[in-house]
Amino acid sequence: MAKCEICGKGVTFGKQYSHSHIRTSRQWKPNIQRVKIIVDGTPKKAYVCTRCLRSGKVQRAI
């Protein structure tokens, strides 16, 4: 579910290392917000990452 509908940014997987060097799986989730945006002149609710909101790739509907 954690996927931006604008840029496609999603979950990234990796390893977490403890002090004793035991490896466990972990994931990094993007900051996804459900916001009302303008798409083709009509307002629509979409899941958008905060990077797209800040950079102006999306026009918010008020």
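Helices (H or I, at least four residues) and strands (E, at least two) are DSSP runs, numbered from the N terminus. The views below show a predicted model, in which local features need pLDDT of at least 70 and side-chain atom pairs count only at pLDDT 80 or more, while totals for chains, interfaces and linings use all residues. Residues are numbered from 1 along each chain as its sequence is written, and side-chain values use heavy atoms, with hydrogens and water left out.

**View A. Aspartate 40 in the loop between S3 and S4.** The phi angle of aspartate 40 is near 55°, a positive value in a residue other than glycine. Aspartate 40 is exposed, with a relative accessible area of 79%; buried means under 20% relative accessible area, exposed over 50%, and partly exposed in between (1.4 Å probe, protein chains only).

**View B. Histidine 21 in the loop between S1 and strand S2 (23-28).** Here, too, a residue other than glycine has a positive phi, near 65° for histidine 21. The relative accessible area of histidine 21 is 52%, so the residue counts as exposed.

**View C. The salt bridge between lysine 44 and glutamate 5.** A salt bridge is a side-chain nitrogen of Lys or Arg within 4 Å of a carboxyl oxygen of Asp or Glu. In this pair the closest N and O atoms are 3.9 Å apart. The pair links distant parts of the chain, 39 residues apart: lysine 44 belongs to strand S4 (residues 42-49), and glutamate 5 to the segment before strand S1 (12-17). Both partners are partly exposed, lysine 44 at 41% and glutamate 5 at 44% relative accessibility. By this rule the count comes to one salt bridge.

**View D. The largest nonpolar core.** A nonpolar core is a set of buried Ala, Val, Leu, Ile, Met, Phe, Trp, Tyr and Cys residues joined through side-chain atoms within 4.5 Å. The eight residues of the largest one are Cys4, Val35, Ile37, Ala46, Val48, Cys49, Cys52 and Val58. Strand S3 (32-39) and S4 each supply at least two residues of this core, and the largest share, three residues, comes from S4. In soluble globular proteins, nonpolar side chains tend to be buried together.

**View E. Methionine 1 and isoleucine 32.** These two residues are 31 residues apart in sequence and 9.4 Å apart in space, C-alpha to C-alpha. Methionine 1 lies in the segment before S1 and, at 69% relative accessibility, counts as exposed.
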